[in-house]
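Let's walk through this model together, starting from one residue and moving out to the whole chain. Keep the viewer open as you read.

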Amino acid sequence: PFYDGYETSDGKYVTIGSLEPQFYALLLEKTGFKDDPDFAAQMDRSKWPMMEAKLAALIKTKTRDEWASIMEGTDVCFGPVLNM
């Protein structure tokens, strides 16, 4: 869930690669999942499908550019997927 591509509300995509704990913590802060107990155990693989579904649903609520304005310039390990 913390290393994947996600569709945004405008049909575009963003990528997230927040593997290391400090980057994962920042991802949770920027997405609002910081206090969500479902995201507390990052490496609990049994929770990954649920975590991915929740993150995908959240990412779908904003456009690619809105997410870029929230996450670019931070250490979230995020990138907008650009087209030619």
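Asp36 is buried, with a relative accessible area of 16%; buried here means under 20% relative accessible area, with a 1.4 Å probe and protein chains only. This is a predicted model, in which local features need pLDDT of at least 70, side-chain atom pairs count only at pLDDT 80 or more, and totals for chains, interfaces and linings use all residues. Residues are numbered from 1 along each chain as its sequence is written, and side-chain values use heavy atoms, leaving out hydrogens and water.

To find Asp36, look in the loop between α1 (21–31) and α2 (48–59). Its side chain makes a polar contact of 2.6 Å with the side chain of Lys54 (a pair of N or O atoms within 3.5 Å, where one must be able to donate a hydrogen and the other to accept it; residues adjacent in sequence count only if both atoms are side-chain atoms).

Now zoom out. The protein chain has 3 helices and 3 strands, arranged along the sequence as β-β-α-α-α-β. These are DSSP runs: H or I of at least four residues for helices, E of at least two for strands.

How much of the chain is buried? Of its 84 residues, 33% count as such. The C-alpha trace spans about 35 × 25 × 20 Å along its principal axes. Among contacts (heavy atoms within 4.5 Å) between residues at least 6 apart in sequence, 57% join residues at least 24 apart.

Terms used. Buried < 20%, exposed > 50% of the residue type's maximum accessible area, 1.4 Å probe, protein only.
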